[in-house]
Amino acid sequence: MAIVFEKVSFAYDERSLWRHSALEDVSLELETGVFAAVAGTTGSGKSTLLQHFNGILKPTGGKVRVLDFILQAEGKQPPLRELRRRVGLVFQFPEQQLFEDTVEKDLCFGPLNFGMGLEEARERASQALALVGLDDSFLPRNPFHLSGGQMRKVAIASVLAMDPDIIALDEPTATLDPQSRAELAGLLSRLQREQGKTVIVVTHRMEEMLPYVDTWIVMKGGTKVFQGSPAELVRESGRLERECGLAVPACITTWNQVAARFGLEHEEPCLTPEKLAERVVRLLEGHPQGNKREGGG
Amino acid sequence: MTETGLAFELQQVSFAYGPEQPVLSDVTLRIPHGSWMSLVGPNGCGKSTLAKLLGGLLAVNGGAIIVEGTPLLKETVQQIRPRIGMVFQNPDNQFIGATVEEDIAFGLEGRCLPREEMAERVKRYAEKLEISHLLSKHPAELSGGQKQRVAVAAILAMEPGIVIFDESSSMLDEKARGELLNILRDMKQSGHYTMISITHDAEEIMASDRAVVLRDGGIAADLKPSDLFGDAELLDSCRLIAPYGIRLARELEKQGVHLPAECGGEEVADALWQLYSRK
């Protein structure tokens with residue numbers, strides 16, 4: 001298991017009168033090498049959950065295990081430096097993560113800080129930048145003169161440059177143009193499939209992550225209300241929409257409507273236009289799988 | 001030469017962040033009063049820079065911007081700025097007041113409005129944006145969608161004739177994004193505003209009158225939103241993706257299945273069922 005939460009609670013201002021509980025009794029398991037996504041409305045505890053992955057926040061109740069590191073309210077803290085080398089976090093606002101005066105320095109900061117030589121760090125920087133689709137001409141540029149979308153890509157590259165085992169991203173695709181969003185989702189999926197990384201994405205745009213995600217978590221009011229496969233998510237989407245205000249994307253609602261009409265509820269859902277069109281064509285050609293065929297021949 | 005009936009006229013505008021970084025060159029554009037224009041294009045194409053030039057936050061290096069007949073210059077920017085409201089991506093960066101009420105009032109205080117009028121405007125715009133119940137709250141207590149409503153109320157209370165939305169919906173979840181879009185639609189309906197929205201959101205683009213595609217520092221296309229989403233190649237070049245319904249219809253079309261043109265959302269399953277039953 002890459003990440004295990006055992007009855008984890010977290011409260012901001014634990015001892016204050018204004019105690020505000022952001023996570024309550026959350027238990028979950030994420031296997032090593034999984035692609036997981038966390039959905040839920042604003043204020044449901046998604047970001048708070050994510051910040052437990054590399055020890056930015058420490059649970060005020062229960063136990064968090066990330067790789068071999070254990071975080072809990074009482075007791076000794078694990079070596080956070082080592083934890084943070086192995087768990088890379090990309091925050092919601094890229095401008096808060098960049099601070100150097102060139103992109104290259106920003107990208108090298110992590111690797112250098114964790115003891116890598118300058119040459120190797122530079123190589124890593126260039127590779128990481130290529131991964132997010134930017135070429136070396138960006139290296140000498142000032143990150144604060146980049147566009148919002150480019151800044152976000154650099155912030156993501158700065159985490160990839162550290163080559164972490166677990167990559168956790170908080171709304172990584174906001175501000176990116178739609179095709180960059182699709183490319184980033186594809187890149188994360190490649191890192192997971194080809195390099196065995198564990199990837200966890202907090203997202204409110206479910207559609208773009210759907211083709212890649214193995215397990216979905218839905219949060220509401222600081223509690224976990226759902227964890228399951230994409231097919232299970234699709235089947236329960238109506239309930240999650242009603243009860244948690246989850247915004248269900250068109251690809252799911254369209255599939256559910258088509259499935260209800262044609263009696264396909266128990267099939268693997270077709271969630272891309274290509275797959276759904278192909279399925280529909282098979283239906284129209286008269287191979288309605290499990291439906292009664294009319295007439296002879 | 002200037003023209004009446006135009007909110008903005010851009011004449012061969014160019015801009016660079018220093019000599020090595022040209023962003024816009026030779027941009028010529030007319031934006032009529034009361035229209036709603038979407039500014040689209042890939043990351044880094046200069047959309048936000050153009051918005052800042054229009055809002056007078058940056059000055060052009062070459063060419064001219066004329067706002068409602070007045071050239072935007074160092075000498076006139078003070079007089080022009082109050083006519084233009086800007087709503088940004090992250091509402092947190094826009095909050096100043098300790099309560100929602102103070103926040104909306106802040107801009108009005110800067111205008112030295114009489115107290116009664118200030119109170120009246122806060123009340124009126126809070127009602128309009130359905131945030132009256134939030135007036136005594138601290139901005140940190142609000143959800144992302146509520147914050148963006150407050151930001152819009154604070155801008156509209158200053159009664160600008162022109163409002164620029166710079167990716168104002170990109171941080172919002174799907175529900176809040178839909179609510180903001182309804183606000184934009186209402187603003188358009190009222191006829192009081194010239195609106196420019198910088199966005200990647202397909203629905204927002206579809207709701208506007210006109211899509212201007214910015215690429216490589218210039219205008220690559222200027223067309224109706226429905227034409228933009230009908231042009232797969234152009235969409236690709238400005239790195240947009242069409243709404244799911246349009247993509248599905250296109251895929252079906254490729255395989256010889258024709259859906260009725262105006263069919264969308266829930267009607268898709270019904271239309272397919274009709275095709276199926278007719279067999």
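A:Phe262 is buried, with a relative accessibility of 3%; buried means under 20% relative accessible area, exposed over 50% and partly exposed in between, using a 1.4 Å probe and protein chains only. This is a predicted model, in which local features need pLDDT of at least 70 and side-chain atom pairs count only at pLDDT 80 or more, while totals for chains, interfaces and linings use all residues. Residues are numbered from 1 along each chain as its sequence is written, chains are lettered from A and ligands numbered from 1 in the order in which they are written, and side-chain values use heavy atoms, leaving out hydrogens and water.

**Aromatic pairs**

- Over all chains, a search of the whole structure finds seven aromatic pairs; rings of Phe, Tyr and Trp (its six-membered ring) pair if their centres lie within 6.5 Å, and planes under 30 degrees apart count as stacked, over 60 as edge-to-face and the rest as tilted.
- A:Phe99 and A:Phe109 make an edge-to-face pair, 4.9 Å centre to centre with 90 degrees between the planes.
- This pair ties together parts that are 10 residues apart in sequence, because A:Phe99 lies in the loop between β6 (87-90) and α3 (103-113) of chain A and A:Phe109 in helix α3 of chain A. Helices (H or I, at least four residues) and strands (E, at least two) are DSSP runs, numbered from the N terminus.
- A:Phe99 is partly exposed at 45% relative accessible area, and A:Phe109 is partly exposed at 37%.
- A:Phe262 and B:Trp273 also pair edge-to-face, at 5.1 Å centre to centre and 70 degrees between the planes.
- That pair crosses between chains, from helix α9 (residues 250-262) of chain A to helix α11 (residues 267-278) of chain B.
- B:Trp273 is partly exposed, at 27%, and ring pairs link A:Phe262, B:Trp273 and B:Tyr276 into a cluster.

**Helix α10 of chain A and its partner**

- Helix α10 (residues 273-284) of chain A packs with α11(B) at an angle of about 25 degrees, with the axes 10 Å apart. Axes are lines fitted to C-alpha atoms, for helices over the stretch in contact, and angles run from 0 to 180 degrees between N-to-C directions.
- The two helices are therefore roughly parallel (under 35 degrees; over 145 is roughly antiparallel, 65 to 115 roughly perpendicular and the rest oblique).
- A:Val280, A:Leu283 and A:Leu284 meet B:Leu272, B:Leu275 and B:Tyr276, where contact means heavy atoms within 4.5 Å.
- After α10(A) comes A:Gly286, whose phi is positive, near 95 degrees.
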